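Please open the structure in a viewer and keep the selection tool at hand.

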Amino acid sequence: MMSTEPPIITTPSAEIEPGHSLWQDAWHRLRQNKLAVAGGIFVALLALVCLLSIFIAPGTYAKTNLALGATAPSAAHWLGTDILGRDMLARILMGGCISLSVGLAATLVSVVIGVLYGAISGYVGGRLDVIMMRIVDIIYSLPFVIFVILILVVFGKHIVLLFMAIGAVSWLDMARIVRAQVMSLKKQEFVEAAVALGLRKRRIILRHMIPNVLGIVAIYGTLIVPSVMLLEAFLSFLGLGVQAPMSSWGTLINDGRKSIEEYSWLLIYPSLFFSLTLFSLNFLGDGLRDALDVRASKD
Amino acid sequence: MPLLEVTNLRTSFHTRHGIVRAVNDVSFSLEKGDTLGIVGESGSGKSVTCYSLMRLIPQPPGRIEGGTAIFDGVDLLKASPEQLSKIRGKRISMIFQDPMTSLNPYMRISEQLIEPLLIHEKISRDEALKRAMAMLAEVGVPDAAKRIRSYPHEFSGGMRQRVMIAMALITKPELLIADEPTTALDVTVQAQILDLVKKMQRELGMAVIWITHDLGVVAGFCKRVQVMYAGRIAEHAATDELFAKTAHPYTRALQKSIPALQPKGAALYTIAGMPPDLSRNIEGCPFVPRCEFAQEQCKQPVALKDITPGHATACLRVQKNEITL
């Protein structure tokens with residue numbers, strides 16, 4: 001077709017790049033957001049340290065030293081010890097493990113269930129959509145705390161149950177958000193084109209709908225993590241979560257609260273770790289939103 | 001036997017403001033390898049006709065009220081979802097008006113191109129990719145081997161429409177429905193896309209239904225034309241005949257509206273008035289309020305009738321030989 005092109009023009013046609021996906025573009029924008037990068041690095045490092053602490057000093061978090069008792073931070077115990085003489089750094093790192101994994105697990109549950117549920121409901125529409133969304137409404141209307149207390153009382157206080165209880169409610173928002181996105185997405189022409197190409201519903205949902213909502217899902221997912229961690233802390237604070245000698249940030253803060261006047265470090269350090277993590281995750285989530293949703297960001 | 005035979009197709013939309021009869025008793029047929037142009041202004045029902053055939057009408061609010069569309073022995077309007085997915089994209093393909101939104105922004109061109117092959121043919125991924133690359137080169141995307149790894153947003157509008165055409169034709173369909181595929185493109189690219197479809201039609205021997213509001217496109221491309229107005233067929237003829245022996249006042253008015261055919265400096269011709277409100281039942285000829293030849297008798301029901309073999313008009317007065325246009 002292009003045979004009449006004058007031969008003088010030397011086109012550097014060999015240098016076409018393989019193409020940047022919208023994800024790669026978003027990653028590029030995210031990296032320029034210093035706060036988000038710092039937040040991401042902080043959480044990643046913390047998670048790594050928490051994980052390593054299990055392997056380097058297993059069981060330290062539960063080792064009591066009644067003779068020592070509560071001591072202020074020192075060279076031997078960087079963050080001090082609690083009333084039973086347990087090393088606070090070890091307990092905080094162990095608590096970090098629990099808190100972060102609760103956050104991660106519940107987020108995973110909410111992403112997998114919420115995205116599939118919302119995408120199916122939104123794409124299929126009609127009566128199925130009505131039924132699926134009313135189920136969500138019903139679960140929504142259950143008083144969450146009573147629901148969790150009931151589960152934990154009936155089935156016993158087990159950490160897996162805690163994961164499941166939190167996961168069971170945290171997918172609801174995700175399902176609603178994804179459904180709304182999919183409903184607007186399915187009016188787009190490329191979906192019509194996909195139908196015209198003979199694609200079945202299943203394939204359209206999995207290949208065309210879900211990749212298009214993943215941006216929103218990633219943003220919302222990073223924002224669920226801190227809210228779930230708060231929830232776990234709240235439950236642990238009420239004595240419904242992780243049981244001693246296991247520790248989570250919620251239980252540590254609760255313990256520290258009781259002795260705030262004599263041993264302030266028992267409250268300050270767990271709270272510090274907790275809030276820093278929450279801050280970091282929120283910064284990361286905000287950064288992701290700016291990076292993935294170009295229209296909503298300020299520039 | 002014709003490849004596609006549509007009889008008495010009626011599609012309506014049930015809206016809050018009443019029932020809009022978007023397609024009202026449309027019949028036509030298409031032979032293998034034939035090219036049919038469907039012309040009409042916005043809202044005349046030309047797109048809805050084809051969307052009905054592909055069963056792409058959103059239901060609700062849309063509803064196919066009646067009629068048949070026999071494609072190779074299968075009634076498309078009543079086919080099961082399984083039958084439909086075997087026909088869509090394999091035997092009947094479609095290209096759309098706006099290439100900017102017809103491609104999934106999150107998938108590489110290669111992934112989208114091989115999708116119809118993967119679902120319709122027993123073929124390996126590598127094999128499919130090879131064919132996709134050949135097809136992309138065929139539709140005139142330079143450096144296809146590299147560009148195939150790009151994403152849609154890295155392509156221009158014309159290039160995207162070429163990708164859409166490649167996607168539609170990669171399964172070698174027997175019928176291509178083109179819904180104003182050049183409307184969103186600039187004039188030079190329009191001509192290229194037209195030539196491309198012509199070339200592909202020659203190579204694959206497929207039939208084409210070309211929906212457009214541009215009579216110029218029809219003149220250069222289609223063997224037969226049907227002019228639609230207010231959800232009905234106003235005139236149906238071979239292309240030369242439509243221009244030489246126009247048999248409906250609306251067709252004549254459309255021709256007069258082509259700016260290039262008018263003397264320079266003259267005020268541009270427009271058809272006075274607006275298309276009728278389709279949510280109201282129109283008894284007689286829907287063009288009456290805008291027609292310069294309209295009489296009282298035009299308000300009674302009128303059917304499409306052949307005036308010469310293969311040339312049908314829905315104008316009562318032309319049928320009665322009272323007026324010549």
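**First stop: two helices of chain A**

Select Phe144(A), Val148(A), Ile151(A), Leu152(A) and Phe155(A) in H5(A), together with Leu161(A), Ala165(A) and Val169(A) in H6(A): these residues meet. Here residues are in contact if their C-beta atoms, placed from the backbone, lie within 7 Å. By class, this contact has eight nonpolar, no polar and no charged residues. Ala, Val, Leu, Ile, Met, Phe, Trp, Tyr, Cys and Pro count as nonpolar, Asp, Glu, Lys and Arg as charged, and the others, Gly among them, as polar.

The model is predicted: local features need pLDDT of at least 70, side-chain atom pairs count only at pLDDT 80 or more, and totals for chains, interfaces and linings use all residues. Residues are numbered from 1 along each chain as its sequence is written, while chains are lettered from A and ligands numbered from 1 in the order in which they are written. Helices (H or I, at least four residues) and strands (E, at least two) are DSSP runs, numbered from the N terminus.

Now display residues 159-185 of chain A, helix H6, beside H5(A): the two axes come within 10 Å and cross at roughly 150°. Axes are lines fitted to C-alpha atoms, for helices over the stretch in contact, and angles run from 0 to 180 degrees between N-to-C directions. H5(A) and H6(A) are therefore roughly antiparallel to each other, a term for angles over 145 degrees.

Next, select H5(A) alone, residues 144-155. Its 12 residues reach 16 Å from the first C-alpha to the last, close to the 16 Å expected at 1.5 Å a residue; the expected span is 1.5 Å times one less than the number of residues. Just after this helix, Gly156(A) takes a positive phi of about 90°.

**Second stop: H8 and H10 of chain A**

Select residues 201-237 (H8) and 265-292 (H10) of chain A, whose axes come within 8 Å and cross at roughly 165°. These helices are therefore roughly antiparallel to each other, and H8(A) passes H10(A) in a left-handed crossing. Among the residues that meet are Gly215(A) and Ala218(A) of H8(A), and Phe274(A) and Leu278(A) of H10(A). The residues of this contact divide into 13 nonpolar, four polar and one charged.

Zoom out to chain A as a whole, which has 10 helices and zero strands.

**Third stop: where the chains touch**

Show both chains: 32 residues of chain B are in contact with 23 residues of chain A. Helices H2 (81-87), H3 (109-120) and H5 (144-147) of chain B each supply at least two residues of the side that touches chain A. The largest share, four residues, comes from H3(B). By class, that side of chain B has 13 nonpolar, eight polar and 11 charged residues.

**Last stop: inside chain B**

Select Cys291(B), in the loop between helix H10 (249-256) and strand S11 (305-308) of chain B. Is Cys291(B) buried or exposed? Cys291(B) is buried, with 21 other C-beta atoms within 10 Å; the cut-offs are 20 or more for buried, 12 or fewer for exposed and partly exposed in between, with C-beta atoms placed from the backbone.

Note on methods. Angles under 35 degrees count as roughly parallel, over 145 as roughly antiparallel, 65 to 115 as roughly perpendicular and the rest as oblique. A crossing is left-handed if the near helix is turned anticlockwise from the far one by less than a right angle, and right-handed if clockwise.
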